[in-house]
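Student: I have a structure open and some quick things to ask. Can we go through it together?

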Amino acid sequence: MTVDFSPLIAWPYFAALTLAAAVLAALGVWRGVRGAWLRAAALAAFCLAIANPVLFQEEREPLSTIVAVVVDRSQSQENGDRRAQTDQALEGLKERLARFPQIEARIVEAADGEETEAPSTKLFGALATALADVPPARVGGAIFITDGQIHDVPDVNQKLGFEAPVHALISGEPDEFDRRIEIVSAPRFGIVGEQQKMTFRVVDDGAAPGGSAEVTIRLNGNEIATEQAEPGTDVPFSFTVPRGGNNILEFAVGPVAGEVTETNNRAVHVLDGIRENLRVLLVSGEPHAGERAWRNLLKSDAAVDLVHFTILRPPEKQDGTPINELSLIAFPTRELFVDKIGEFDLIIFDRYQHRGVLPILYYDNIAQYVENGGALLIAAGPEHAGDDSIAATPLAAVLPATPTGVMNEKAFFPRLSEEGKMHPVTRGLEGAADEPPAWGRWFRTVDVDRPLGQTVMEAADGKPLLVLNRVGKGRVAMLLSDQGWLWARGFEGGGPHVSLYRRTAHWLMQEPALEEEALTARAIGRTLEITRQTIEGDPGQATLTYPSGRTQEVTLTQRDPGLYKAEVETDEIGLFEVSNDELTTLVHVGNVDAPEFKAAISTKEKIQPWAEKTKGLVRRLADAEGPVDLPPVLPVRGAVRVADDQRLSLRMTDETVLKGIDSLSLFAGLFGLAALLFLISATWYREGR
């Protein structure tokens, strides 16, 4: 309640009037005039009436105390009974806070970080957001329901923006332990065929049993090593990069009975294999129009080291010229096909025929080179159907097709076979979708028996034109025509010879993107994109295994011939496994170094300093065997100065909101008039006596 003045005249005039009244009253008292004090009182009352005193009374309503309840909904809360404990604690806390009408609870559920961030538990950020519009004086406290693995805990010397207790109710069990594996250092790129070094570490959190751990290492799905690791010790590991493109290394440590989760028992690293320089050996049997097409294509690629030989002077060609007068380079057969054959990534025989240049034993060397992982391309012409065909040598053991001895002399448009429409080497070749194909004709092919492998392109009457086959660890391709140069020269509009030749060469060198049976997956934010390449028809459903261990059947939809895809929105982060038929692949959603994938045991240690500073309470929701035990709520007037180890102390606010103001003018109306009349009458009465 307050009194304010609202004079009926301006303040300067009121001041002059008051001064004059004071002088008159003082003069009367000084002279001893009868009734001087009554006159002074009447003048004072008159001035007070002119001053118009007003009595104000505010109508206020107490404001509620805001208590933030931050609930941890990160993925680590899925371990054990933590989610159930959290849900029970939240319901119990809502009920207890509801008993106090002056407390307003703000429930904030904080999940993992945004898609573009490393997944982590950011509860203090969620707290700041929840209280952004609340004056600090109204905040009664903050209560975290969490497993204690909070990744944005500020330094204890910083300010939270309010002066109230910070409490934490910890889910999980005491004395938890967990074993996990992490990659300490690893290269992002590696040269194919060269050794790379990396380091991994097995970590035991909590009261783990100790002892060495067995780590199984897989490369591209194939087990390559088993290592013994002491927890907490960095273990070096070396491996050879087997192929270009993505290479997936998986490190898996055996589970320990009773550990919190097996989700972090695996770690993956993706390394991009780079071919330093592709070494290609091109052997041309004799000069011909198509020889330049192969040479130009290979020479135009800066990543290709080309060794090219053309047989210009076979042994049967004897013209009497002395050897020392020949300007031709002798064909280094032993050096190429015995000593250094393993150094080549690809060998191409372009219209080559057996004319005694290579000893018969060397063809067997080439066959073994293919079976051990090498790549061989046969670009055949009329000589392949003749008596000197290399199909009549030990090389026949790896060739997918045997010539019948007949040449098919008939103009035709090269077409994709049904397998070719699905095979990544030929699928989507420019112009293939038209009928006839939008490219030039060829005019002859080598007739062969029923080939092995896949016939991806056909000639006239459905005869094989391009055949691909796997032999042992290696691969062989046969192009049964020497007329690809017509496309290179632009005959009848030409054709996609560059794409065709390059894809064939890369398939031969086992480029992962060109595998005819492949399963891949990639993460785009929280969306998994699964791709299945096959030439065997509908692959059926894929099985998706989440980091938590639950599985989901995913329907693959055909997007292109031989290409099936699916997209899955995920609500978990971590390492996913996709399987279909006998193929499996791994994909990681979220940053592989994200804090959420590291320590998984529940803990009090991270939040304890803030609880001690603000006189809060940190308490486990359950002991090893008991149910959820929720502490009572204790409202406290004024600052919380003493920590209570049994109750959740909350500072109650004294803030109010103004609802209205009542005003009363003290000398207005009958009351003021009566007072004046009374004083004037008293003065007159006194003077009359």
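Student: Start with rings. Which residues form one aromatic cluster?
Tutor: Phe200, Phe237, Phe239 and Phe251 form one. Rings of Phe, Tyr and Trp (its six-membered ring) pair if their centres lie within 6.5 Å; planes under 30 degrees apart are stacked, over 60 edge-to-face, and the rest tilted.

Student: Is this an experimental model or a predicted one?
Tutor: This is a predicted model: local features need pLDDT of at least 70, side-chain atom pairs count only at pLDDT 80 or more, and totals for chains, interfaces and linings use all residues. Residues are numbered from 1 along each chain as its sequence is written, and side-chain values use heavy atoms, leaving out hydrogens and water.

Student: Back to rings. How many aromatic pairs are there in the whole structure?
Tutor: A search finds 12. In one of them, phenylalanine 124 and phenylalanine 144 are tilted, at 4.9 Å centre to centre and 40° between the planes. Phenylalanine 124 is in helix α4 and phenylalanine 144 in strand β5, 20 residues apart. Helices (H or I, at least four residues) and strands (E, at least two) are DSSP runs, numbered from the N terminus.

Student: Is phenylalanine 144 buried or exposed?
Tutor: Phenylalanine 144 is buried, because its relative accessibility is 0%. Buried means under 20% relative accessible area, exposed over 50%, and partly exposed in between (1.4 Å probe, protein chains only).

Student: Why is the pair of phenylalanine 412 and tryptophan 442 called edge-to-face?
Tutor: Because the planes are at 70°, with ring centres 6.4 Å apart. Phenylalanine 412 lies in strand β19 and tryptophan 442 in strand β21, so the pair ties together parts 30 residues apart in sequence. Phenylalanine 412 and tryptophan 442 are both buried.

Student: New topic. How many salt bridges does the search find?
Tutor: There are 35 in the whole structure. A salt bridge is a side-chain nitrogen of Lys or Arg within 4 Å of a carboxyl oxygen of Asp or Glu.

Student: What does aspartate 482 meet in a salt bridge?
Tutor: Arginine 351, at 3.1 Å, N to O. Both residues lie in loops, so the pair ties together parts 131 residues apart in sequence. Aspartate 482 and arginine 351 are both buried.

Student: And which residue does arginine 532 bridge to?
Tutor: Aspartate 581, with the closest N and O atoms 3.2 Å apart. Arginine 532 is buried at 3% relative accessibility, whereas aspartate 581 is exposed at 60%.

Student: Which residues do shared partners join into one network?
Tutor: Salt bridges join Arg180, Glu182, Arg201, Asp205 and Asp234.
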